[in-house]
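Me: Please pick one part of this model and take me through it closely. I'd like the cut-offs spelled out as you go.

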Amino acid sequence: MRTEGMGRVIAALVAVAAVGGCTVHAAEGDGKSPVRVELPKSSPSATHDDSNDGDGDDKPSAPPSKAAPEVLLSPGDTGRDVRELQARLRQVAWIFEGPTGTYDDATEEAVKGFQGKRGLPKTGETDTVTWQRLLKMTHEPGKWELYLMGGQPAAAPDPRCTTGRVLCISKSSRTLRWMVDGRTELTVPVRFGSEYTPTREGVFSVYWKSRHHVSTLYDSPMPYAMFFSGGQAVHYSSDFAARGYAGASHGCVNVRDEAAISELFDEVRSGDKVVVYW
């Protein structure tokens, strides 16, 4: 009778455990040990307060935004890197003037146009993405692409230029220095003849000046002409002013800065020395 009563108690506990999700372990030993009932451990879901559901901290966080590309050059910058930017933009027809070395309004607009054409943000600043795209479409500019319209540094004066009054003309740097007793009074970029009509090298002197000269051989204007060797002269060239080093003279030394050569013409005297050198 006692055995039947104990069986009913165990059966009742098993039923309760099943309903409550408990685990019932059978008694060990001789069957006289008490039955052990383990209650389930609580889980986060069991204690979660549903009243706070909605737009809380459980929402997935937004992905981090992509960093903006680094800006390499921007309006107002100057220097050789700006010249290269302008020369490369000129290669793809976004700039038509020669490089100036100054990141001006025209350069900013050219960069915006280049960016917009390729689906890049039109910032007008040259960032790493814009620069890499431009590099892929262009070639390394040569020296006279960078200095198409002048602005290059002058070469050191030839020793023959260090005394007296001298038009000191360097073919290597394509510059003319007006020197008086070893001092440089004026420096301008110049252009020379082509390989078919080369400018002669050596030491000469100005033998004739003609302010409004016109060439009888080529029927072209040669303002502010200062002749030093046969028909070769230092003079202003509107073609040089327009096209830069994309062209060449017929042997004369061309100057593109009209104001500068007008001043020079007034300074130079007949008999002053002319040195043309590499």
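Reply: Two strands count as paired if DSSP finds at least two bridges between them. The strands themselves are DSSP runs of E with at least two residues, helices are runs of H or I with at least four, and both are numbered from the N terminus. Before the details: this is a predicted model, so local features need pLDDT of at least 70 and side-chain atom pairs count only at pLDDT 80 or more, while totals for chains, interfaces and linings use all residues. Residues are numbered from 1 along each chain as its sequence is written, and side-chain values use heavy atoms, with hydrogens and water left out.

The protein chain has eight helices and 13 strands. The part to zoom in on is an open sheet of nine strands with mixed pairing, in the order β8-β13-β5-β6-β7-β12-β11-β10-β9. β8 (202-205) and β9 (208-214) are the edge strands, each pairing on one side only. On average, neighbouring strands here are turned by 30° against each other, direction ignored.

Now look at β10 and β11: they run antiparallel and are joined by three bridges. Methionine 226 has valine 234, in β11, as its bridge partner. α8 packs on this sheet, touching β5, β6, β7, β9, β10, β11 and β12; contact means heavy atoms within 4.5 Å. The direction of α8 makes about 45° with that of β10, where axes are lines fitted to C-alpha atoms (for helices, over the stretch in contact) and angles run from 0 to 180 degrees between N-to-C directions.

What about the side chains? Val234 turns up again, along with Leu167 and Ile169, among the residues with the most contacts inside the largest nonpolar core, which has 25 residues. Such a core is a set of buried Ala, Val, Leu, Ile, Met, Phe, Trp, Tyr and Cys residues joined through side-chain atoms within 4.5 Å. Buried means under 20% relative accessible area, exposed over 50%, and partly exposed in between (1.4 Å probe, protein chains only). Elements supplying at least two residues each include β5 (165-170), β10 (221-229), β11 (232-236) and α8 (258-267). α8 gives the largest share of this core, four residues. Leave out residues up to four places away in sequence, and the residues touched by leucine 167 include Trp178, Val206, Val234, Leu264 and Val275.

For context, 37% of the 278 residues of the protein chain count as buried. Of the contacts between residues at least 6 apart in sequence, 52% join residues at least 24 apart.
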